[in-house]
Amino acid sequence: MKWRLLLCGLAAVGLAVVLPHFGLAAEDPGAPAPSPTAADYPRIAGMTGRPVVWALAQMHLFLAAFVLAVPMFVVAIELTGVLTRDERYDRMAHEFMKISMAAYAFTALTGGALALALFLFYPVLMGYLLRVFDGQVLIYALLFILESLLLYVYFYTWNALRYGDRKWIHLSIGVLLNAVGTTLMFVANAWATFMMAPSGVDEAGTPLGSVWAAMQGPLWNPLNLHRFLANIAYGGAIVGAYAAYRFLAARTAEERAHYDWMGYTANFIAILGFLPLPFAGYWLMAEIYAYSQQMGITAMGGVLAWLFIIQAVLIGSILLAANYYLWCGLMRTEGGRRFVPWVKYIAAVLVAGFLVWVTPHTLILTPQEVLAIGGTNHPLLGPLGIMPAKNTAVNMMLLATFLSFQLFRRASRTPTVPWAWIGNCVIAALYLAATLNIVGAGIYGYVTPTVYKVGASVPQVLSTLAVIVFALVIEAFMYRGAVTRPVAWGRMSTRSQYALFVLPVAFTWLMALMGYIRSSVRTYWHVYTIMKDRSPDAYIPTIGEAGNFITVITLVFMAVIVFIFWLSQVGDTRQQAPAAEGGR
Amino acid sequence: MTFLRVTLFSLAVLLAYTLFANILPQVQSNPPAEEEIELGSLDRAGQIAWGERLFSGKGTCTLCHNKLGRAPDMLAMDLAEELRSRIEDPRYTGAAKGLEEAEAFEVYLRESMLEPSVYVVPGFGKKGTQDRESPMPRVDVPPISLTPTEIDALIAFLQDRAGVEITVPLPAAGTTAAAEAGADGEEEAPATTPEEVIDRYGCAACHDLDGSGADLGPPLAGIGARLDREALRRAILDPDAEVAPGYEPGLMPGDFGEQMRASELEILLDYLAGLDGGEPKP
Amino acid sequence: MAARALVFLLAFAGWAVFFYAVDWLVMTAQGLPVGWNLMPLS
């Protein structure tokens with residue numbers, strides 16, 4: 001354990017010492033943004049800055065997302081354990097935390113390396129950012145030290161503060177840890193969004209004197225929400241893979257049951273974080289459009305537009321995998337079998353939605369292909385390429401996923417309240433009305449100009465949210481005092497576990513892809529409209545080039561995660577004491 | 001064993017995503033080149049052609065001014081009629097009111113680029129502002145950052161399209177401007193012969209030309225006798241405004257105005273106008 | 001069965017009104033007209 005502490009400590013001290021040093025080097029605080037020339041971008045060992053910074057930043061974000069997310073749901077699970085007095089929850093929460101602890105050192109390490117790389121490769125930009133954000137790096141460093149302290153205290157006092165009032169102290173430490181962690185992320189987000197949509201500076205980039213104004217850019221809060229939710233989904237997906245691996249490697253039925261249950265919980269967390277994510281993404285995109293139409297169009301209609309087709313494929317595979325896992329889970333209970341016939345309809349909706357989503361908007365074709373098809377859009381499938389169709393599809397897919405989830409919850413419980421049939425009718429009517437509204441708004445968007453298309457997507461999103469919220473509320477009342485049937489944990493097929501591996505792989509790749517988009521919408525600006533990027537890397541790479549790079553980063557991350565899993569497992573094993581030398 | 005299987009499975013998933021990213025169209029977007037070009041020798045036609053390039057290139061106007069309805073589609077409308085009615089609109093309070101037409105257009109166009117909210121075309125305002133605020137960015141500040149000479153060229157291009165006298169000055173000798181090539185992805189060098197243009201934009205895939213035999217669009221032999229240069233220009237830039245009888249609207253791409261360079265369009269027009277029923281000229 | 005159908009229809013009508021109200025609010029807040037008669041069909 002000590003070496004991890006040491007590593008974190010070193011990284012933290014390194015950050016705290018290195019950053020202000022560069023801050024001092026900055027020139028007059030009231031000057032406009034500097035304009036770097038090609039000579040201001042050093043090559044180190046033949047490398048230009050971007051690949052190094054890209055890889056390190058992405059690695060740091062993967063790990064940080066995981067490390068920040070796990071304590072959030074761990075506190076929630078711990079609380080559930082206290083409220084239900086079920087020891088299993090506490091044990092699982094502790095196990096989740098153990099995985100996260102091993103990842104923490106790597107997070108600090110990559111964070112330190114990222115900071116170093118940024119200062120080495122982009123000294124002018126970093127000097128300017130330090131000037132804009134003034135003493136904030138110090139606060140960040142302090143928060144980081146505080147986060148480390150709280151994390152270690154939270155983890156190592158787990159068994160010491162186990163019952164009664166002490167447990168509540170432990171929970172409070174957990175809440176505090178999450179508060180610090182979330183603040184830490186929000187501060188770092190402000191730097192990223194400042195580069196995309198600068199605020200708190202004038203047109204030439206002269207800081208107007210308020211760090212708070214520089215933080216409060218138009219994209220800050222949308223990004224905060226988006227990353228917050230995505231982190232939870234991501235954290236859930238990764239611990240899900242851990243559980244799936246342990247399930248597959250389990251030797252006893254008891255172990256299988258435990259890791260099956262853990263995998264189920266992790267998948268549940270991942271879906272919970274994932275369902276509202278498209279809406280947060282929608283808000284972020286709407287704010288980007290409001291800030292600069294140009295930036296919005298660059299992302300959605302220009303060079304980067306194809307990436308959203310890839311995004312659709314990834315989200316589609318995530319939804320399919322998560323649903324498949326839930327369907328397999330129906331077999332765990334006797335009550336689940338009666339829902340099995342429903343599965344094919346849900347699957348049909350998902351596949352149909354997925355197909356609509358992968359239909360590209362405009363195809364880049366050779367003249368011969370244009371001739372064969374008779375236009376740049378397919379006469380029948382062409383209309384599926386535009387936005388209202390895609391919005392309709394994503395909302396229907398989310399509804400289908402939520403339905404799968406509801407069926408799964410119902411599989412193990414039978415309501416006892418007398419009005420249960422009314423509740424079921426109301427929920428069924430809710431689904432039907434929402435579906436009609438979503439499809440109706442989709443058609444409305446079809447026949448109307450662009451402003452209406454965009455306008456009509458909001459009611460669609462609200463319909464999906466309404467189903468989720470109202471159905472959960474009605475069910476919460478309906479299942480009070482419900483009869484629960486035993487769940488045969490561990491009765492899961494081997495194949496179902498592979499769905500839990502699709503999730504983290506797809507999430508990791510998707511996260512890197514979206515990071516590439518978020519960074520690329522700035523086009524050739526370091527700080528949009530204020531500071532140009534004049535490095536040789538100022539171009540936006542092709543999708544294939546970016547995809548290959550992302551795959552390499554993902555591979556490295558997977559290797560790190562496997563190492564982390566191994567570390568957290570090896571902590572449990574104890575070598576047998578050598579048998580005493582017999583005889584003598 | 002489990003470990004190996006899980007690893008292979010994850011790698012396969014990863015590989016599938018990577019392959020997918022590699023089969024999509026690959027476009028690299030380069031920053032605009034910053035070397036200076038000499039403008040002093042530009043004549044009127046050159047200025048208009050430059051304005052047209054700015055319209056779809058550095059000015060990024062076509063991002064919104066297109067047929068998708070984000071902003072008025074200036075290349076498709078009768079610009080003169082539209083500008084006249086806007087300037088006469090009682091809601092318009094800008095500086096172009098009461099001026100002689102060509103000059104009024106210049107003042108109006110400049111104003112609309114530098115202070116877009118002076119007059120908002122009904123239905124195109126920012127949401128919830130009752131058309132009092134325009135969503136259009138000022139073109140003289142980053143990220144667009146057009147220079148005064150470039151704005152002049154844009155006005156010249158638009159005045160030319162509206163069919164009025166061009167009132168903006170030509171760039172003074174010694175003026176330079178940043179070349180905007182490569183602003184939207186990698187651009188090839190412009191085509192210099194009609195054959196190259198026709199090949200690059202695939203005209204013969206749909207139109208019968210030199211015996212290509214295609215019949216999705218009207219044959220181009222003798223087109224110069226049927227349409228004059230301006231009608232040809234319209235037919236290329238806005239193909240669905242008028243469709244030859246017996247042919248489907250919507251087949252010909254409407255974005256040649258954005259894809260082609262002004263010089264290429266002129267070469268193509270010269271060539272097509274020359275196809276007057278006699279032997280096609282080389 | 002009849003009772004079920006009745007409850008379902010009532011609930012459906014209720015939700016339909018609810019969704020229509022939400023649509024109306026959302027569209028009006030964006031400064032866009034709503035209603036089938038106002039739909040700007042070409």
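This is a predicted model: local features need pLDDT of at least 70, side-chain atom pairs count only at pLDDT 80 or more; totals for chains, interfaces and linings use all residues.
A bit of housekeeping: residues are numbered from 1 along each chain as its sequence is written, and chains are lettered from A in the order in which they are written. Local features need pLDDT of at least 70 and side-chain atom pairs count only at pLDDT 80 or more, while totals for chains, interfaces and linings use all residues, and side-chain values use heavy atoms, with hydrogens and water left out.

**Where the chains meet**

- Chain A puts 49 residues into the contact and chain B puts in 42 residues; contact here means heavy atoms within 4.5 Å.
- On the chain A side, the helices that each supply at least two residues include H8 (220-249), H12 (307-329), H17 (450-478), H18 (494-520) and H19 (543-570). Helices are DSSP runs (H or I, at least four residues), numbered from the N terminus.
- H19(A) gives the largest share of that side, 10 residues.
- Three residue pairs, both at pLDDT 80 or more, are in polar contact between chain A and chain B. That takes a pair of N or O atoms within 3.5 Å; within protein, one must be able to donate a hydrogen and the other to accept it, and residues adjacent in sequence count only if both atoms are side-chain atoms.

**Salt bridges**

- Over all chains, the count comes to 19 salt bridges.
- A:Lys167 pairs with A:Asp90, with the closest N and O atoms 2.8 Å apart. A:Lys167 sits in helix H6 (residues 164-196) and A:Asp90 in helix H3 (residues 87-121), so the pair ties together parts of chain A that are 77 residues apart in sequence.
- A:Lys167 is buried at 3% relative accessible area, and A:Asp90 is buried at 5%. Buried means under 20%, exposed over 50% and partly exposed in between (1.4 Å probe, protein chains only).
- A:Glu475 and A:Arg409 form a salt bridge at 3.7 Å, N to O. It links helix H17 to helix H15 (residues 387-411) of chain A, so parts 66 residues apart in sequence are tied together.
- In that pair, A:Glu475 is buried at 1%, whereas A:Arg409 is partly exposed at 23%.
- Over in chain B, B:Asp270 meets B:Arg229 at 2.5 Å, N to O. B:Asp270 is partly exposed at 48%, and B:Arg229 is partly exposed at 28%.

**Nonpolar cores**

- The largest nonpolar core has 200 residues, and A:Phe96 and A:Met97 have the most contacts inside it. Such a core is a set of buried Ala, Val, Leu, Ile, Met, Phe, Trp, Tyr and Cys residues joined through side-chain atoms within 4.5 Å.
- Leaving aside neighbours within four places in sequence, A:Met97 touches residues including A:Val70, A:Leu151, A:Phe155 and A:Trp158.

How values were computed:
A salt bridge is a side-chain nitrogen of Lys or Arg within 4 Å of a carboxyl oxygen of Asp or Glu.
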